[in-house]
Amino acid sequence: CTATVNVIDDTAPVLVCQDFTLELGPDGTAMLDPFDLIDMTATFEACGIDTAAVDIDDFSCDDIGTPIEVTLFVADPSLNTAACTAMVTVVDLLAPEVTCPADQTVDPGPNNQLYEVPDYFATGEATALDNCTDPVTIFTQDPAAGALIGDGTYTVTLTAEDEYGNIGTCTFELTVESVLGVEESSLEAGVTMYPNPAQAEVTIANNSNILLEKATMYDVNGKLVN
């Protein structure tokens, strides 16, 4: 004789949830994958978990701070169901995107031998955008705004920090180069100072036909000497 055997599974999954930390994306949102809440080492289902869903799956910057209780629902291929709860902690780990100005060469201007470094964020030459902190208000730069620097090439580092402590940086090259006019060039070529180096006294000689009204001396480190 013959018989038909129907194999059935009427046993619900033994479901165990686990807490999960969800990182937000560049747009300040994130979707929760229900399977991330299943503790696979403790969960038992002979025929496997077929589907999973949660009551809350869409998160944003507004959810940062207090963990949120989420209910997880699962079903096996025979539609036996189970549910459990887990705590989801939403975090922002993305640093602000800092944009520096292009490399630039500047002239201190007439009668200026040192260049005052501007506040690049205040002038709008540098910007910082963040997925959750708008606007970004914590800025630093090196050399600092207001610093006086002499001729040379400097690497300027700009830094922005969001409200969750994530820090973004960028750098650019700043070249300070005093541009001399025709008269200044003639005077520079005609003025000599000796002895050099000196300890107590120096002689300044002006062999040009330009009246020398004043002279300012700096050492090799840019420090005002006299």
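Which residue in β6 stands opposite Glu23? The residue is Val91. The model described here is predicted: local features need pLDDT of at least 70, side-chain atom pairs count only at pLDDT 80 or more, and totals for chains, interfaces and linings use all residues. Residues are numbered from 1 along each chain as its sequence is written, and side-chain values use heavy atoms, with hydrogens and water left out.

**Overall form**

The protein has two helices and 16 strands; helices (H or I, at least four residues) and strands (E, at least two) are DSSP runs, numbered from the N terminus. Its C-alpha trace spans about 130 × 35 × 30 Å along the principal axes. The radius of gyration is 34 Å, whereas a compact globule of 226 residues would have one near 17 Å. That radius is taken over C-alpha atoms, and the globule rule is 2.2 Å times the number of residues to the power 0.38. Of the 226 residues, 32% are buried (buried means under 20% relative accessible area, exposed over 50%, partly exposed in between; 1.4 Å probe, protein chains only).

**Strands around β6**

Strand β6 (residues 81-91) runs parallel to β1 (residues 20-23), and four bridges join them. With β5 (residues 68-75), β6 pairs in the antiparallel sense over eight bridges. Two strands count as paired if DSSP finds at least two bridges between them.

β5 and β6 form a hairpin with five residues between them. Leu79 lies in this loop, and its phi is near 70°, a positive value in a residue other than glycine. Most residues other than glycine have a negative phi, and most peptide bonds are trans. Leu79 counts as exposed because its relative accessibility is 67%.

| Bond | Omega | Loop holding the proline |
|---|---|---|
| Asp134 to Pro135, cis | near 5° | β10 (127-129) to β11 (138-142) |
| Asp142 to Pro143, cis | near 0° | β11 to β12 (148-149) |

**A nonpolar surface patch**

Met193, Val202, Ile204 and Leu212 form a nonpolar patch on the surface, with about 280 Å² of accessible area together. Patches are made of residues with over 30% relative accessible area and no salt bridge; like charges are joined within 9 Å, and nonpolar side chains (Val, Leu, Ile, Met, Phe, Trp, Tyr) within 5 Å. A salt bridge is a side-chain nitrogen of Lys or Arg within 4 Å of a carboxyl oxygen of Asp or Glu. Accessible areas come from the Shrake-Rupley method with a 1.4 Å probe; for residues, only the protein chains shown count as cover. Ile204 is in strand β16 (residues 203-206), and it counts as partly exposed because its relative accessibility is 40%.
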